[in-house]
Amino acid sequence: MTVNTGKLLRSLIRAGTRTAKLIAAATTPPQPKRKRAAAKPRAQPSARPAKPPAAPRAASSAIAPGKWLSSHVPTATGRRMRYWLYLPDGFAQPEGLIVMLHGCQQTATQFAQGTGMNLRADKAGYAVLYPQQLTSHQAQRCWKWYDRATQAGGGDVPTIISMIHKVLSDYPINRRRIYVAGISAGAGMANILALNHPALFAAMGLHSGPVFGAAQNTLTGIGIMHHGAGLRADTAAHDILQRQPQFPGMPAILIQGEADTVVRPVNQAQLMRQSLLLNRLAGPAKLTHNARSRLHDFYVGRKLMLRVVQIDDLEHAWSGGDATLPFNAKAGPNASKLMLEFFVRHQRAP
């Protein structure tokens, strides 16, 4: 990011309007809870128990019972990128791994607490990995989804991939069930990881995410968040297929608030279009109406490949999250539950 764009972003954040505050969130989102695990997975010398983050008093009874560890991996610039890892209680061999990417101006631990994913994953026997962006890489901890080199698989992508492989080598986790998810800038980065490494991930979950492949820098990224990518959305999907002729497809769940003025719903519509192209899907979708949301499901035979969730009145926040933290909405549907239910339907071929 140049000095000028950095100043512009800071000025947007300082602005007193509601939209400016939300823009700071999106270019964003949450803090977890941990308890000692009774079962001890295979030792990992470089990982150490992490100090539990502060949790709301009312949530103390809902702390996940597994093991909460912290470690790091080196980056290409010689720095250390830190991560937190949740290991489910009582599972010597976790059923799979969910990689969770926070939004701007947030930490990995805030994201873990806000989403409550550890509690959900623990019951299903899944480990959860939370990488944390370095302020030396991006002053507001934004994953650089808007950067051309990152979109092509560079930037922080190799660091996160090496982090995943480190965890997989240290613990006997089922490698056929690796998933990636995020919100806002984290959703943008999750999409980039999945599309550049489709043989690694079995599915992805994007909450309030920007459309892929059209931004070139911070300023164009903000434009994409507000107005989408137009025809460039299809072009970006075709570019992926041209670079990877054997692209195996990427099951996806896309969650979006209809009242989001930061990453506007046009992004979800274009992400859906990209997913249809990448998974070679055709409509019509199966439509399900719920109290506050609508589900648009696309199948290949009986296999659910794409689920699009539109949530009424939801702004730029994790649906069903811990409302004591910014960028979390208490009202459902619960996004963590939706994602986990979608993920367990998918696994990569041996």
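Which cysteine does a disulfide join to cysteine 104? The partner is cysteine 142, with an S to S distance of 2.2 Å. A disulfide here is a pair of cysteine sulfur atoms within 2.5 Å, and a search of the whole structure finds 1 of them. In general, a disulfide is a covalent bond between the sulfur atoms of two cysteines.

Before going on, a word about the model. It is predicted, so local features need pLDDT of at least 70 and side-chain atom pairs count only at pLDDT 80 or more, while totals for chains, interfaces and linings use all residues. Residues are numbered from 1 along each chain as its sequence is written, and side-chain values use heavy atoms, leaving out hydrogens and water.

**How confident is the prediction?**

The predictor's confidence in each residue, from 0 to 100, is called pLDDT. Its mean over the chain is 87, and 82% of the residues reach 70 or more.

| Stretch with pLDDT under 50 | Contacts beyond four places in sequence |
|---|---|
| Residues 52–61 | 14 contacts |

Where pLDDT is low, the predicted coordinates should not be read in detail.

**Back to the disulfide**

The torsion about the S-S bond of cysteine 104 and cysteine 142 is about 125°, so the disulfide is right-handed. Cysteine 104 sits in the loop between strand E4 (96–101) and helix H3 (108–115), and cysteine 142 in the loop between strand E5 (126–131) and H5, so the pair ties together parts that are 38 residues apart in sequence. Helices (H or I, at least four residues) and strands (E, at least two) are DSSP runs, numbered from the N terminus. Cysteine 104 is buried at 0% relative accessibility, and cysteine 142 is buried at 1%. Buried means under 20% relative accessible area, exposed over 50%, and partly exposed in between (1.4 Å probe, protein chains only).

**Aspartate 156**

Now look at the loop between helix H5 (148–151) and helix H6 (157–170), where you will find aspartate 156. Is aspartate 156 buried or exposed? Aspartate 156 counts as buried because its relative accessibility is 7%. Beyond four places in sequence, its contacts are Met81, Gln133, His137, Trp143 and Met189.

Conventions
Contact = heavy atoms within 4.5 Å.
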